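Subject: Structure handover

Hello,

Please find the structure below. My notes on it follow.

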Amino acid sequence: MTHEVLIYPDRQALVAAAFDLMVARIHTAVDERQRCTIALSGGSTPQPLYAALAQADLPWDRIQIYWGDERYVPPSHPDSNYGMTKRIWLDVAPIPAANIHPMPTNFADPQAAAAEYDRQILADFGLEAGSMPAFDLILLGMGDDGHTASLFPHTAALSVRDRLVTVGEKDGQPRITFTYPLIDRARSTIFLISGASKQSALGEIFAPTGDATIYPARGIQPQGELLWLLDADAGKDLAIAC
Ligand SMILES: O=C1O[C@H](COP(=O)(O)O)[C@@H](O)[C@H](O)[C@H]1O
């Protein structure tokens, strides 16, 4: 399977490439399986991509949208990954409401929220407990510290192998996150990474040896396609290290 690093001159070119790749993966999935299951990242980097997708002519009724991680806040909170995506993309595109599957953040115990999303995904995919579904496309970002989804350095979520979804933690605050095994089952995993602040973590992630508990994005080892899309600011000097 393809594992590739692609470096684009600037953020605009990065977003254009990610848009073309996502549109192509959506059409392939719909042609082959009559639907496309996508898990999205949050944060700032994918926002222009989501704005572009909002205007795209896509088979919206065939697209099922999930999130790979979420901050434990209500959808109306400025930090909500779902809230951001809704405003920029999902409120604009003609996607049926039933095809949008935000992570729950209304349980008193975030573990219960993670368990509920796990259950929902299995039910939506028509699978039994203990199965690991294959998303058609998982979009990932990466923080300056090398975290991806809400798999943060030195946290318990990094060791969870028996569930689809678990509780992550950032600075003592809970997050909900896909686990490594669920991400690794995806048919296509696309990292979207922009900006010079990501250079140092990327250097560690692409070093021949290293520790995924320090740089969690290093632990992503999908059996399907893996594409690292970087802009030149993020990928500076990386071609040498790869
Ligand atoms: O907290 C998060 O951060 C990462 C990276 O975000 P960015 O702002 O540096 O693009 C993101 O991928 C993740 O989904 C989000 O919850």
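This is a predicted model: local features need pLDDT of at least 70, side-chain atom pairs count only at pLDDT 80 or more; totals for chains, interfaces and linings use all residues.

D237 sits in the loop between α7 (232-235) and α8 (238-241), and its phi is positive, near 70°, although the residue is not glycine. Most residues other than glycine have a negative phi. Q34 also has a positive phi, near 65°. Its place is the loop between α1 (11-33) and β2 (36-40), and Q34 counts as exposed because it has 9 C-beta neighbours inside 10 Å.

Strand β9 (residues 188-193) is mostly covered, with six of its six residues buried. In a regular strand the side chains alternate between the two faces of the sheet. In β9, S188, I190 and L192 point one way, while T189, F191 and I193 point the other.

Strand β9 pairs in the parallel sense with β6 (residues 137-140) over three bridges, and L140 stands opposite F191. Six bridges join β9 to β10 (residues 225-231), also in parallel; there I193 has L230 as its bridge partner. From β9 the chain crosses through helix α6 (residues 199-205) to β10, a right-handed β-α-β crossover.

On the ligand: the residues around it are S41, G42, G43, S44, T45, D69, N81, G141, M142, G143 and S150. By class, this shell has nine polar residues, one nonpolar and one charged.

Regards

Key:
Residues are numbered from 1 along each chain as its sequence is written. A residue is near a molecule or strand if its C-beta atom, placed from the backbone, lies within 6 Å of it. Ala, Val, Leu, Ile, Met, Phe, Trp, Tyr, Cys and Pro count as nonpolar, Asp, Glu, Lys and Arg as charged, and the others, Gly among them, as polar. Helices (H or I, at least four residues) and strands (E, at least two) are DSSP runs, numbered from the N terminus. A residue is buried if 20 or more other C-beta atoms lie within 10 Å of its own, exposed if 12 or fewer, and partly exposed in between; C-beta atoms are placed from the backbone. Two strands pair if DSSP finds at least two bridges between them. A crossover is right-handed if, with the strands pointing away from the viewer, the path from the first strand over the helix to the second runs clockwise.
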